[in-house]
Amino acid sequence: KVKNYIVDVINIDNLKKTIEEIEKKEKKIDALIYSAGCSMAVPLEYTKKSEYSYLFDVNFFSIVESIKGVINGMKQNKKGRIIIISSLGSNIPIAYDTFYSASKAAIDTLAFTSNLELNPHNIYVTSVLPGGTKTFFTYKRKIKRYPKEYPSLNMAVKSLEKMEQKGNRPEKVAKCVYKELRKDKPKI
């Protein structure tokens, strides 16, 4: 009975329209699971503002808009679950993926503080921090190589790819998410 909706999350108007369509069609939204994300392995000094702005739009600001979009309906239903897929990279920074780690740390803080605000309305926000997970996300990472100045970049990227592809299966992460959805008072 789970329905998935795929949305361009940085198109805020489209995001809001999709949430409104779901509420109209389904009469309510019980849970929001936000799993969009992007990553880039780039030395800090070579990162363009447009690149890290885009990353934060996908990894953080669109989460804020998604949560804002479902709060009123969940308040009316007197319950709701919001699960954000974060990363262990929020607690264990990833070399050359500065903005990914920073955005995931921001997600965890957002989950913690919004959970405090929304708990009185029986709405719970959980940030799930999977480690490396074997998905195509690994191969979508934007990489800028500067071998002379940053010889460890290639090694860091290869180590990260190896760790991800030998990591958790997506089904394991899904089971964790499902387990938290079913709890009366899920973990933050």
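Modeller: Let's start in helix H2, where glycine 69 sits. Keep in mind that this is a predicted model.

Colleague: What makes glycine 69 and isoleucine 19 a pair to look at?

Modeller: Along the chain they are 50 residues apart, yet their C-alpha atoms are separated by 6.6 Å. Setting aside neighbours within four places in sequence, glycine 69 is in contact with Ile19 and Glu23.

Colleague: Now isoleucine 83. How do you know whether isoleucine 83 is buried or exposed?

Modeller: Buried means under 20% relative accessible area. Isoleucine 83 comes out at 1%, so it counts as buried. You'll find isoleucine 83 in strand E3.

Colleague: And what is in contact with isoleucine 83?

Modeller: If we skip neighbours within four places in sequence, the partners are Leu32, Ile33, Tyr34, Thr126, Val128, Val177, Glu180 and Leu181. Take glutamate 180: it is 97 residues from isoleucine 83 in sequence, but the C-alpha to C-alpha distance is 8.3 Å.

Colleague: Thr126 is on that list. Why does threonine 126 count as buried?

Modeller: Threonine 126 has 3% relative accessibility, so it counts as buried. Threonine 126 belongs to strand E4, and its contacts beyond four places in sequence include Ile82, Ile83, Ile84 and Glu180. Over the whole protein, buried residues make up 40% of the 188 residues.

Colleague: What makes a group of residues a nonpolar core?

Modeller: The members have to be buried, come from a set of residue types such as Val, Leu and Ile, and be joined through side-chain atoms within 4.5 Å. The largest one here has 28 residues, and Ile63, Ile67, Val70, Ile82 and Ile84 touch the most other members.

Colleague: Which elements supply at least two residues of this core?

Modeller: Helices H1, H2 and H3 each do, and so do strands E1, E3 and E4. H2 gives the most, with nine residues.

Colleague: Why are H2 and H3 called roughly parallel?

Modeller: Check the angle. Their axes come within 9 Å and cross at roughly 15°. Angles under 35 degrees count as roughly parallel, so H2 and H3 are roughly parallel to each other. Their crossing is right-handed.

Colleague: How do the residues of the contact of H2 with H3 divide into nonpolar, polar and charged?

Modeller: There are 15 nonpolar, two polar and one charged. On the H2 side you'll see Phe56, Phe60 and Ile63, among others, while the H3 side includes Phe99, Ile107 and Leu110.

Colleague: Last one, about the whole protein. How many helices and strands are there?

Modeller: Six helices and five strands. Reading from the N terminus, the elements run α-β-β-α-β-α-β-α-β-α-α. And if you take contacts between residues at least 6 apart in sequence, 73% of them join residues at least 24 apart.

Conventions:
Residues are numbered from 1 along each chain as its sequence is written. This is a predicted model: local features need pLDDT of at least 70, side-chain atom pairs count only at pLDDT 80 or more; totals for chains, interfaces and linings use all residues. Side-chain values use heavy atoms; hydrogens and water are left out. Buried means under 20% relative accessible area, exposed over 50%, partly exposed in between (1.4 Å probe, protein chains only). Helices (H or I, at least four residues) and strands (E, at least two) are DSSP runs, numbered from the N terminus. Axes are lines fitted to C-alpha atoms, for helices over the stretch in contact, and angles run from 0 to 180 degrees between N-to-C directions. Angles under 35 degrees count as roughly parallel, over 145 as roughly antiparallel, 65 to 115 as roughly perpendicular and the rest as oblique. A crossing is left-handed if the near helix is turned anticlockwise from the far one by less than a right angle, and right-handed if clockwise. Contact means heavy atoms within 4.5 Å. Ala, Val, Leu, Ile, Met, Phe, Trp, Tyr, Cys and Pro count as nonpolar, Asp, Glu, Lys and Arg as charged, and the others, Gly among them, as polar.
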